[in-house]
Amino acid sequence: MKSRHSFLFTILLASIVFMAGCIQSEEAGVKPTTGKKNDDDIVIGFSVGTTKQERWQREVEMAKEFAAKNGFELMVQSAEEDASKQVKQVENLITKGMDVLLISAQDSESAGAVVDVAHEAGVPVVAYDRLVKNGDLDYYVTFDTEKVGELQAKSLVEQYPKGNYIWLLGGPEDFNAHLIKQGHEKVLKPLIDKGNIKVVTQQWAKGWSPEEALKHTENGLTAANNDVVAVLASNDGTAGGAVQALEAQGLSGKVGVSGQDAALEGVQRVVAGIQTSTVYKPLKELNTHAMELVYALAKGDQEKADEMVNGKTDNGAKEVPSILIDVQIVTKENMVDTVIKDGFHTMEDVYKNIPKEEWPKDN
Ligand code: GAL
């Protein structure tokens with residue numbers, strides 16, 4: 001008898017606790033959730049197009065750390081620059097069972113198909129830094145990529161307002177490369193129209209390939225008889241190819257070169273004076289926002305997800321709710337106050353090739 005009473009009491013207590021929970025969440029305006037709530041049950045898929053550039057390796061590690069800290073499972077796959085492989089990998093992740101897909105598309109155009117496959121399985125899709133075009137994409141977490149292009153071009157035209165330019169674009173398969181080009185055009189077009197700047201050559205580098213950038217720079221230099229004032233390079237990898245071609249002609253340090261990603265080699269070249277600038281994109285901030293978003297979606301916390309949105313991006317099919325993160329130009333002058341202060345790279349690493357007595361004093 002006694003045990004029956006305590007059993008009923010337990011049930012009653014549990015119901016009260018449950019009802020109180022419902023009332024509390026209604027009061028707080030939290031929508032009833034449909035997703036899984038236990039961290040142990042949550043599985044997120046992270047599909048990256050490539051891990052070739054330094055940044056992607058760091059970002060995969062950051063995502064793993066976030067998952068470990070929050071106690072959910074993260075399945076990571078890299079397509080090694082093969083767009084069709086990426087589709088297969090995502091299908092595989094879906095079969096294994098996941099709650100949300102975070103994807104950095106190898107090919108912005110063809111990745112739309114992935115969204116349909118995921119949606120059929122009830123899996124929302126969040127694009128990570130690279131836009132997925134022409135699909136019913138749920139969210140997009142990214143940097144202000146057009147601004148990346150603008151900053152690159154500005155940093156060069158400030159120092160080299162007149163003369164011949166070599167214009168190196170990124171991977172045409174990556175929509176970001178096109179947004180960067182738009183940013184370049186905003187700054188360059190008026191100067192080209194005035195006749196101050198002449199573009200000797202404009203070339204894309206598939207897969208952001210430094211080797212292609214090297215060849216394009218060599219060809220540009222030959223075509224202009226080495227009379228070039230700047231190479232507008234779209235990232236640090238292509239900047240590296242350009243610097244190599246310039247070195248071979250004894251022009252390194254004399255010709256302006258832009259970049260992007262604040263990759264270690266890039267920032268080392270900047271402090272050595274052989275690359276004019278790079279663009280710092282706070283990867284940790286991007287990664288944390290993306291992981292918080294997918295985590296909220298997996299838990300069914302739509303309200304939190306929507307609160308995080310601060311813009312929209314047209315992907316050709318819809319206006320995709322987006323989280324946009326700001327970027328910063330980095331030169332020799334503000335190296336310490338940006339990438340080093342943020343802990344993105346250490347002073348020792350950045351200035352590794354510079355005699356210690358020439359390192360910035362205030363550190
Ligand atoms: C791309 C990204 C670019 C750039 C590049 C690596 O995926 O879209 O903005 O970061 O990787 O240099």
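In which sense do strand 5 and strand 12 pair, and over how many bridges? Strand 5 (residues 139–143) and strand 12 (residues 319–325) pair in the parallel sense, over 4 bridges. Strands (E, at least two residues) and helices (H or I, at least four) are DSSP runs, numbered from the N terminus, and two strands pair if DSSP finds at least two bridges between them.

The model is predicted: local features need pLDDT of at least 70, side-chain atom pairs count only at pLDDT 80 or more, and totals for chains, interfaces and linings use all residues. Residues are numbered from 1 along each chain as its sequence is written, and side-chain values use heavy atoms, with hydrogens and water left out.

**Strands**

Strands 11 and 12 form a hairpin with 4 residues between them, and G316 in the turn has a positive phi of about 95°.

Another 4 strands form an open sheet in the order 7-6-8-9, with parallel pairing. Strand 7 (197–204) and strand 9 (256–257) stand at the edges with a single partner strand each, so one side of each is left without a neighbour in the sheet. Strand 9 pairs with strand 8 (residues 230–233) over 2 bridges, and V257 in strand 9 stands opposite V231.

**Pockets**

A pocket is an open set of points on a 1 Å grid over the protein atoms alone, where a 1.4 Å probe fits and protein lies on both sides within 12 Å along at least five of seven lines; lining residues have an atom within 4 Å of a point. Volume is the space filled by probe spheres set on the points, which are joined across faces, edges and corners.

| Pocket | Volume | Nearest its centre |
|---|---|---|
| Largest | about 360 Å³ | Q53, P210, D236, G237 and E265 |

For the second largest pocket, the largest share, 5 residues, comes from helix 5 (residues 145–159).
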